[in-house]
2 protein chains.
Amino acid sequence: MVLASIRKAVEELVAEEGSDAVTIPMVAERAGVNHSSIYRRWGDARTMINDLATYRLDPDRGLPDTGDLRADLTAWAQELISHYSVPVNAALLRGGAATAGENESDCLRNRRSEAAVFAARPGAGFTGDDVIDRVVAPIVYRVVFLPWTLPETDPRSYVDGLFHRSG
Amino acid sequence: MVLASIRKAVEELVAEEGSDAVTIPMVAERAGVNHSSIYRRWGDARTMINDLATYRLDPDRGLPDTGDLRADLTAWAQELISHYSVPVNAALLRGGAATAGENESDCLRNRRSEAAVFAARPGAGFTGDDVIDRVVAPIVYRVVFLPWTLPETDPRSYVDGLFHRSG
DNA sequence: AAGCTAACGCACACATCTTGGCTTTAGGTG
DNA sequence: CACCTAAAGCCAAGATGTGTGCGTTAGCTT
């Protein structure tokens, strides 16, 4: 009950104000709980947001696996685009970007391990880093810096880049 | 004198603490100036940081133009990598990412207009968006999320991707 | 040197965030 | 039902950040 209302308040506020403008008292007021409860549970706003954000994209959801690697990658990329088209998820990614770099447990780590899974499938002539560079990076760039171009973003050309390489 | 010490303090603190953790009192103390001077000049921390960050990469520096488009693009990409290998510049980019999306005047706008210049040169079989997707995005992704991979990042394969496309 | 102006420092008021002690409530256990 | 524990609420003090009125200084012009 309390946790659910906190989660709802955090997601609303992150989408409205941006991840770095959210404070504990703001969340407490909107959630209708006392702010000391939040301080005791998480300590600070960033820990709270990162913790609640962890559950947004299920790591056990399973990856596309039809046997057609190119189609699977395209479906996976489309899944990312759809996910980050939701404002709160985009806002969380931007907030994660602000604190990335130092901590290895950034909000895209799961994405990178998924990329490695695809690169390990038979017939893949590319590495996990290639998937990051050619598929994930352009999508993430658009989410962060050009979100209004996301609805028209077609992952097919990105995935094609993986298969049309020279070396 | 005052401005120089403020600039130095801001750059140090942004590199150390991250762009969103820098407050006016922190800067004032390290710079040895009164915080009211900073409040009067800039109003708030983000305005200050963005203003001081504006001068980090000269928009009039001129782009490589040897006649060899591929070599020019590679040199330009290498310039980006070198620039963002400096910790303060990477930290500023992460801070810019946190507040991007809404305001169109993000910290990478100049990079996009430069990309368009290359795409307009004779013999370019790609658009400015292609340059963003295939060259700028992977570099920016690494700067933000995987900064330790930056020293080994070679822009050539990214640029090659622009010339080996199918459609 | 006198006077002007813009920048700066000082002190204070105010708002907000943070933290801890203590009490109350909810849910489970013997 | 009485007891126990964990979670949440209440309240108050303290720390930090923000904003402003006013006096002072530095640098320039005449």
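A polar contact is a pair of N or O atoms within 3.5 Å. The model discussed here is predicted. The side chain of B:T23 has an N or O atom 3.4 Å from a phosphate oxygen of DNA strand D.

**Surface near DNA strand D**

- DNA strand D is surrounded by 15 residues, and the closest are A:S36, A:S37, A:R41, B:H35 and B:R40.
- Of the atoms of DNA strand D that come within 4 Å of the protein, 56% belong to sugar and phosphate.
- By class, the surface has five nonpolar, seven polar and three charged residues.

**Domains of chain A**

- Chain A comprises domain 1 (2-54) and domain 2 (59-163), with their centres, taken over C-alpha atoms, 27 Å apart.
- Seven residues of domain 1 and six residues of domain 2 take part in the contact.
- The two domains bury about 580 Å² between them, with 77% of this area on carbon and sulfur atoms.
- Their interface has zero salt bridges and one residue pair in polar contact.
- On the domain 1 side, helix 1 (2-17) and helix 4 (45-53) each give two or more residues; this side has four nonpolar, one polar and two charged residues.

Notes. Residues numbered from 1 in each chain as written. Chains lettered and ligands numbered in written order. Predicted model: local features only at pLDDT ≥ 70, side-chain atom pairs only at ≥ 80, totals over all residues. Heavy atoms only, no water. Near = heavy atom within 4 Å. Polar contact = N/O pair within 3.5 Å; in protein donor to acceptor, adjacent residues only side chain to side chain. Nonpolar A, V, L, I, M, F, W, Y, C, P; charged D, E, K, R; others polar. Domains from an automatic or database assignment. Contact = heavy atoms within 4.5 Å. Buried area = accessible area lost by both parts, 1.4 Å probe. Salt bridge = Lys/Arg side-chain N within 4 Å of Asp/Glu carboxyl O. Helix = DSSP H or I, 4+ residues; strand = E, 2+ residues; numbered from the N terminus.
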